[in-house]
Every structure is written in structure tokens, then in C-alpha cells.
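Work through the exercises below with the structure open. Try each task before reading its solution.

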Amino acid sequence: MPTEPFVKKYLRQRVLPTIWCGGCGLGTVMRVIVEALDDLKIDQNNLVVVSGIGCSSRMAGYLDANTVHTTHGRALPVATGIKLAHPELEVVVIMGDGDGTAIGGNHLIHASRRNINLNVFLLNNGNYGMTSGQVSPMTPHEWHASTCPFGNLEHAFHLCDMVKSAGATYIARTTTFHYMQAVRLAKEVLEHKGFAFLEIYFQCPTYFGRFNEMTDAPAMLQWLKKNAVRYDPEKPRELEKGQFYVGKLWEDNTKDEYTDLYCKLCGRAQEMMQVAD
Amino acid sequence: MSGTKGRTLLLQGNEACAMGAIYAGCRFFGGYPITPSTEIAEHFARKLPTVGGVFIQMEDEIASISSIIGSSLAGVKAMTATSGPGFSLMQENLGLATVLETPIVIVNIMRSGASTGHPTGTGQGDLMQSRWGTHSDHPVVALAPATAQEMFDLTVKAFNIAEKLRVPVILLPEAVVGHIREAVYIPAEGEMEVIDRERPGSYENFLFFKRDTNGVAHPPDLGAGFRPHYTGLTHDESGFFTAVPDRVNAFTVGLNSKMELHREYLTDYCEETVEDADVLLISFGVTARACAHVTRDLRKRGVKAGCFRPRIVWPFPEERLNRIAQHAHTFIVPELNLGQMRLVVQRVVGPEKRVVGINRVDGAMLTLERMQKEVEEVLA
């Protein structure tokens, strides 16, 4: 018996096609996430997907799970409430770069700090695509966007370093060019117990590319390919301008996860109450 | 234990509020410290772990309201508590809770003044904000307790309304009511009604946001096996985004119809000697307690006075006020703001009636003496 293809199983076919532009990398990202979910046989009824606002966040509507499309930047605190209320739920968080690092930046560092068991996918296209290409905190220095037509004066976050210092316990980066690696890392995110963070660079040829002399998806994928450097903790190397590491960047399994700690705290509090009685 | 008698305790209003929430089945509190509400968070931090509930101090008030929405979406009754500056930050996701039809309770212990204002002063300046703080047309219910006892009772009622109508409910006490210490009767389990949201066992064609004959939609809890989609975008009965004009219209009209269809259920007021009154004192919260004294004094002196106090301020009890207003010629509206409820009263009783405010915005209460003096001036 042929089984149903996994993309059909995990997608709500009645709401397709997506709203994404031709050449956009989000379709690839969605397939990566769905393949990881299917490989790990994640029960859709137990799966909650929470997103914010922006192109990336529309993904919640396409995934056949319990899905919550929240407000701009607020996916993480909503997801924190869901996970704490029902720790047995598998909670995936999908954010864009403006969503997760500008308006939601405070929530990102605090959710990392708590080490709560959330599976966070931050989809980075370097600009605000939904509103047609404004500069974001992840637009590279001196690159162009509709609100920095003469070049970006600001510098992008070193995002993976930032969530590491904030306390995340699994951190990785990949791109839409590195499909197989992306699936492997997405599965590691889902399997990690604690705050797991995967930054995925994806192409936005319609805006980011057009403003920066890469007018189609192949040109942007070539750019991602050219500048990606596989991370090997044994052989660290100097990165040249524009280059970035891909692969698993950090994992710490020594730190207790937040909902586990909270459960233990409840046990202690209840014991103290019994002693008091 | 059901059937046993409750107990009476000397409690602070904020403590009574937290105890009322736990009585109502609240098992999640997400909050951020702010005067004069912090005793609520502190009470929850001590008690919730002992009843298997979740307490979490979030990074700000935006995250606080977000976390309680998440908890409620997952089926666990949830609450936050704050004061004006924090309530301002919560307006964004107050709107989200209305359109996701997610029951939550927000306690806004009112301080005095705009912006940071006077944190330890008392005030009633957030009356209009609680109605119109988040953008566009939306349903909202707000309750104004006047005593420590009502901090308990109306918190239970707030949860019941939230669960029954699937709306965010705001509790709007002044700092003074949050901090007052009075005897509070805590009912035994089962003595007071506690309502849990309706959880349908099945949905026709997966229309999770289809309204029942009472105008209420009952979308399922996350993880309950239905795989619903929740979005802050305009959505149709399926829960998915729509831009079709008829459906967008049905979204906004349907959402707001909950208030109209449950007008009677959402009418809650206290009144004294209103039927033959020439002069009506109308106020809410702690200020209304002084109004009752002034009314009785006036009656003793032969002035036909009455007083009227909505306990649910939004929706405003227009029908009742309109009826008792027919006879009266003068309406005095004492408030710890510059006249927010006075505007509502004027609109309800009509432009030909005399509506006068007594207002104080210095962070203190309207004392009985001051109110008596100003009422005398109005009636002179």
C-alpha cells in the first residue's frame, strides 16, 4: 500500500496555495520542517505551532496541527504559556527576523534564558518581506532596503551568539540551500530538551534580493552557498566578510529544562504544605 | 469540601482577588511587578504551586498577557494583574484575546495620573481605556469592585463571564480597593457558582468559530484532538483568514453581538432609593461607597436622593439608568478622574438633563466631607 506523502499529511491542503511570492524560500523551509516532523513521527494532535506576524508566520496556517497565529513578536510568550499549561504538548515556534529580533527581541532573550522546551525556528530573510522590504535588525551593514535606500547604517545581530549568551541550550544555523543539513538540524531541534534554536537563512528575491543585486532565487541560493562555512568545533577558522557558519553551533545538556524544574517546585511546595498541616 | 460552611477572614483586597481566582479555577498566573497590584502576584507565587497551578513572572506586561492567552488556549484558566502603565502595554493582546475568543481575566488596579503617574495614589482614570484601549470594535467586559468582599466575588464572576461568553474580562479596582483590609467571606467549595467553558465533543464541518444561538463560538482547546487554527486576522467560521467583505463583516458584527445578546446577564448594579429620586448620585468602585452615605444623609434632610453603582461598568447598564433617570432632574457623578463616567451618564440620560461631576485627581480619595460639601454646592 503506498502511504500518503508526508507533505500531504502535515499540510492543510484546503488552504493552499500559499501567499508566498515566486522564488521565496519559505516553501523549502516548510518542507524541511514537515520532513523533520514526519521522520520523528510527531503526532499532529499533540503538536502546537505558534507564530508571530510576517511572511514566515503565515506558515502556521498551512501546517495541519494545533496552530496559533499570534501578534507581531509575541509568538514566544504565547508559546511559553501553552507549554507551561500543558508540558506534554510538542510546541514549535515559527518567527521571522523582524518578528523575532526587533519587536520580539526581548521575548527571545528571556525565553532563551528560561531554557523552556520550545522548538524555535527563526526564519531569516534579512528584511521585512510582508510590508515590501524594509530594513530589519538582520539586514547586513551597508546593504540596502526600502527604508535604507542609501545603505544600512546599523549592524545585524550576531543572533546565534546572542541566544547562546542568553541561555539557549541548542543552537544551529542553516540555509535553504542546505536542504539535507536543514532537515537533520530541524530533527535535532525537535529532539532536544530545552530551548532549541535554529536560524534558517532563506531567499527573498522579491525584495531583499532586488535591493541587493540578486534578482532571482538561483542568484540568492548561490549567495547562500558561497558564504556558508560548515562549523567544526575542532577546527575553528576566521570568517571572511559576508561569511557565516552553518551546522550545529552549540549544545548544552547539563542545564535542567524549565517545565521539569517547575514540576519539581510544585512537588516541593506541596510537601511543605503537608508538613505545615 | 462541598456542603461545609465557608469562613470569614480579614483580607486585603488584592489577596481576596487572588483567592477568588483560585476559587474560580484559575491555575495560571503570568505577570510583571507593578504597584499597586504586586500582592496579587505574590499570593499566586505562594499558592499556585500547592494546587498544581503555574505561576510565572514574565519579562514585561506584553509577555504577561501573551502567556495567559497561551494557557487559556491550552484549556487552563488564566489571569494577570497590573496597573495603568502595564495595562497600556497589554492593549495589543487584549485585542488578540477578543478575536481568538479566549477567556482571560485582567486585573487593573488603578493608580492615579497618566504615564507613570502617581503609583501609590488611587484613581479611576482607566474607565475609558478599559473599554476602548485596544483598537477597533471589540467586545469587552469590565467589573468595578468597591470592597474587599467584592474583590473576591467579582473575580469569581469575572472568570464565569469570561468562560461563558469567551471574552477577556477586566477587573477594575482602584488602588484603595486593592489595599483595603476588610472581613471577607470565603464560600465553601460548591457554594458559589463556577462556570467552565463549553467544550463541544464534535464540530460540524470543522467550523470551530461558528456561533451558537447565543452568539458564542466555542473553539476547541489546543491538544484536544481537533487541530484548530487560531489567528488574529479577520476569520470566518472555519477560523481561517478571510478578506471576503461579507465574511469580514460577519466577523466584526458577530464578535460584538455577544455583548448585545447577553445584555441582561451582563447587567449588574447596586442602587438605593432611586425610584422617586430627584437627585441621583452615580459612581463606581470605592467612590460609590461614599455616595451611599451622602444619599442617606440627604434623605434624612428631606432631599429625595438616590444612588446608583454599576458593578459591571462595561457594558454600561444603560437600560436601568435610563429608566430611573426619567424622574430625576439632577445627576451627580463623583469620580477620581476628570469626568469619564459623567460623559456616559450624560449620553444615557439625554442632553436636557443636568449632569454634574465631582472630580478629584490628586491621588487621594473623595472624602465624605468633601463630597457632602460639593453636593451642597450643586444643589444650592
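**Exercise 1. Strand pairing across the chains**

This is a predicted model. Find out how many bridges join E2(A) to strand E9 of chain B, and which residue is the bridge partner of His69(A).

Solution. 
- Step 1: Locate residues 229-231 of chain B, which form E9(B).
- Step 2: Count the bridges to E2(A); there are 3, and the two strands run parallel.
- Step 3: Go to His69(A); its bridge partner in E9(B) is Thr231(B).

**Exercise 2. The side of chain A that touches chain B**

Determine how many residues are in contact, and which element of chain A supplies the largest share.

Solution. 
- Step 1: Count the contacts: 34 residues of chain A meet 36 residues of chain B.
- Step 2: List the elements of chain A that each give at least two residues to this side: strand E2 (66-69), helix H4 (75-85), helix H6 (105-114) and helix H11 (258-276).
- Step 3: Pick out the largest share; H4(A) provides it, with 8 residues.
- Step 4: Sort this side of chain A by class: 16 residues are nonpolar, 16 polar and 2 charged.

**Exercise 3. The two faces of a helix**

Decide which residues of helix H10 of chain A are buried, and which exposed residues its opposite face carries.

Solution. 
- Step 1: Look for what covers the buried residues; the cover includes strands E7 (170-175), E8 (196-201) and E9 (228-230) and helix H9 (205-211), of chain A.

Note on methods: Residues numbered from 1 in each chain as written. Chains lettered and ligands numbered in written order. Predicted model: local features only at pLDDT ≥ 70, side-chain atom pairs only at ≥ 80, totals over all residues. Buried ≥ 20, exposed ≤ 12 C-beta atoms within 10 Å, placed from the backbone. Helix = DSSP H or I, 4+ residues; strand = E, 2+ residues; numbered from the N terminus. Contact = placed C-beta atoms within 7 Å. Nonpolar A, V, L, I, M, F, W, Y, C, P; charged D, E, K, R; others polar. Pairing = 2+ DSSP bridges.
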